[in-house]
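Q: I've got this model open and want to know what stands behind some of the labels. Can you walk me through them?

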Amino acid sequence: MVSDAPFVRGMRADDLDAVLAIQLACYGAGFVEDGALIARRLAAAPHTGWVAEHEGGVRAYLAGYPSVVGKLTPLHGEFEVAEQPDSLYLHDLAVHPDASGLGLGPLLVRHAWAHAAQAGWRHSTLVSVQSSVGFWLRQGYAATQPAGTGQQARLATYPGESVYMIRRLG
């Protein structure tokens, strides 16, 4: 019997088809990232990628990696896992439109925070895209400017309005 309650588990390589399908259902063409890149990211940061399952299938995912405050990943960039992280960078959160309203996004984010807190990381950072600032504000994030022209250039790789955001954990 399949449980009705959504649950979170670690992302695995065999989830990539589902992750790609969710990405295609959620993002404009400029944001879609290819499967090989997603697989390399999962290999680089295997403990900071999660999926939410509901009714027997993957309905949402969150991909992040150990980072440092102020550093962000350009769109279509590789994960640069920090040797001495102080934050969990959330690169990609997507919920399939068919699963909208189930609370899967906040469920994944809370799960990620718990992982980060257990690892001793004090912050979570991200780039908000596609008019998602309101969602992230409700999760306790605040807009901030990335430091330095190099990080600002990385932010500029995202089409449309993109906002670097940070949240203190704990």
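Predicted model: local features only at pLDDT ≥ 70, side-chain atom pairs only at ≥ 80, totals over all residues.

Q: What makes the backbone oxygen of glutamate 33 and the side chain of glutamine 23 a polar contact?
A: A polar atom of the glutamine 23 side chain sits 2.7 Å from that backbone oxygen. A polar contact is a pair of N or O atoms within 3.5 Å, one able to donate a hydrogen and the other to accept it; residues adjacent in sequence count only if both atoms are side-chain atoms. Numbering starts from 1 along each chain, and side-chain values use heavy atoms, without hydrogens or water.

Q: Why is glutamine 23 called buried?
A: Its relative accessibility is 0%, and buried means under 20% (exposed is over 50%, partly exposed in between; 1.4 Å probe, protein chains only). So glutamine 23 counts as buried.

Q: Why does glutamine 139 count as buried?
A: Glutamine 139, in the loop between α4 (133-138) and β6 (142-143), comes out at 13%, so it counts as buried too.

Q: Why is α1 called oblique to α2?
A: Helix α1 (residues 16-26) packs on helix α2 (residues 35-44) at about 120°, axes 10 Å apart. That makes the pair oblique, because under 35 degrees is roughly parallel, over 145 roughly antiparallel, 65 to 115 roughly perpendicular, and the rest oblique.

Notes: Axes fitted to C-alpha atoms, helices over the stretch in contact; angles between N-to-C directions. Helix = DSSP H or I, 4+ residues; strand = E, 2+ residues; numbered from the N terminus.
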